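Please read them with the structure open.

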Amino acid sequence: MTRVPMKCRVCREPAVIDLRRHNANFCREHFVAHCEEQVRRAIKHFRMIAPGERVLVAVSGGKDSLALWDLLGRIDIPADGLYVGLGIDEYSDESHRYAGAYAEARGRTLHVVDLATDHGFTIPGAAAATRRAPCGACGLSKRHVFNQFALDHGYDVVATGHNLDDEAAVLLGNVLHWDLDYLARQHPALPAAPGFARKVKPLYRLGEREMAAYCVLERIDYQVEECPMAAGNRHLGYKETLNELEHRSPGSKAAFLFGFLERAHDQLARGDAGPEVELHPCPSCGAPTPGELCAFCRLRERAIPVTAS
Amino acid sequence: MKVLLRNPRRELEIPGPTTVHALLARLELNPESVLVIVGDELVTNDARLADDADIEIRPVISGGADAGVPR
């Protein structure tokens, strides 16, 4: 028999989750309310989404993007989803099924761009062509496709499911390498610019464990298995390291990230990080680029023959 | 207790009863990195687990594609 002695901080009913960072336990109802409140705060604080704007959610079939899509709906922000097929065998097929099932059950619009069908290459093909870690090619391709789709289809803002753990891990990586340019541009809300849609991260105040719990409690089925191509990557190592710190000292991840945003980001963003790079349209796809072809089109040129072989 | 673990997916038989806290310590898992689900219900760190419980320990860490690049 299982008993749950912890009580919800709000109503004193049995708790289903303990959040040491908040020194609080919550029942299902008040945990969902907590998640809604954190998303509302994030959107308001950084003016991420204005009333009436068209929102495109980057949907992967994982917990974060589906939780984000669900939470936006709960706080009356209608949004469409875009799923990008990466061509990672069964993993991609299964992820697509989770995204599609959620959209169908909730009556949402899910757009699909398939890298193999629409651009002639897959992420395994791109990784083989570049002989580099697949996560770099994957991130580059998704950023390009989400941005281009938003611009082409009149969406005002792209919302991604990056959570507190994602952002803290990225911050740790940028600090370890003192990458001032990336630090200057790491922010929950990146404004629109010529060739770029606005990009926002409404989950930056919520942890990865909170997002997984939200999906379990709200009966949202998601891709639980890790991407087979991400195993052992550096970003996952940063997350594990930060969770060791968090276990010993609850609140460390939030203090690290929120402290950066409150005390350091603006100084870096004012131009101390280095000179602005001049961008012009890519001659192939029109995306802003500092060089000749943009990074996505260079990747595609190298990956198409390898994917086809 | 039947305990399902992921990444890679595998199942263990562990004698109960015990607590979530003790089970995670025995498996050397960080409570910050997992959820514990009994049947299909989420349970807190101090919940007691019966000897005949079906338990899933679900990792919550994921991803890696966007490591650090803002645009």
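1. Two residues are in contact here if their C-beta atoms, placed from the backbone, lie within 7 Å.

2. On provenance and numbering: this is a predicted model, in which local features need pLDDT of at least 70 and side-chain atom pairs count only at pLDDT 80 or more, while totals for chains, interfaces and linings use all residues. Residues are numbered from 1 along each chain as its sequence is written, and chains are lettered from A and ligands numbered from 1 in the order in which they are written.

3. The nonpolar core of chain A. A:I123 is among the residues of the largest nonpolar core that touch the most other members, together with A:V55, A:V57, A:L72, A:V158 and A:A159. This core holds 94 residues. Helix α6 of chain A (residues 134-152) gives the most to it, with 7 residues. A nonpolar core is a set of buried Ala, Val, Leu, Ile, Met, Phe, Trp, Tyr and Cys residues joined through C-beta atoms within 7 Å. Buried means that 20 or more other C-beta atoms lie within 10 Å of the residue's own; exposed means 12 or fewer, and partly exposed is in between.

4. Overall build of chain A. The secondary structure comes to 12 helices and 10 strands, taken as DSSP runs numbered from the N terminus (helices H or I, at least four residues; strands E, at least two). Of the 309 residues of chain A, 45% count as buried. Along the principal axes, the C-alpha atoms of chain A fill a box of roughly 60 × 45 × 40 Å. Of the contacts in chain A with a separation of 6 or more, 68% are between residues 24 or more positions apart.

5. Strands β4 (residues 79-85) and β5 (residues 110-114) of chain A run parallel and are joined by 5 bridges; two strands pair if DSSP finds at least two bridges between them. A:L82 has A:H111 in β5(A) as its bridge partner. From β4(A) the chain crosses through helix α3 of chain A (residues 89-106) to β5(A), in a right-handed β-α-β crossover. Right-handed means that, with the strands pointing away from the viewer, the path from the first strand over the helix to the second runs clockwise.

6. Loop residues of chain A. A:N233 sits in the loop between α9 (208-217) and α10 (234-248) of chain A. A:N233 is partly exposed because 19 other C-beta atoms lie within 10 Å. The C-alpha atoms of A:N233 and A:C135 are separated by 8.0 Å, although these residues are 98 residues apart along the chain.

7. Backbone points to check. Most residues other than glycine have a negative phi, and most peptide bonds are trans. A:R47, not a glycine, has a positive phi of about 45°, and lies in the loop between α1 (28-45) and β3 (55-58) of chain A. A:R47 counts as exposed, with 11 C-beta neighbours inside 10 Å. A:W178 also has a positive phi of about 45°; its place is the loop between α7 (164-176) and α8 (180-185) of chain A. In chain B, a cis peptide bond joins B:N7 and B:P8, with omega about 0°. The peptide bond from B:G16 to B:P17 is cis as well, with omega near -5°.

8. The sheet of chain B. Its 5 strands form an open sheet in the order β2-β1-β7-β4-β5, with mixed pairing. β4(B) and β7 of chain B (residues 54-59) run antiparallel and are joined by 5 bridges.

9. The interface. In all, 32 residues of chain B are in contact with 47 residues of chain A. The largest share of the chain B side, 3 residues, comes from β4(B).
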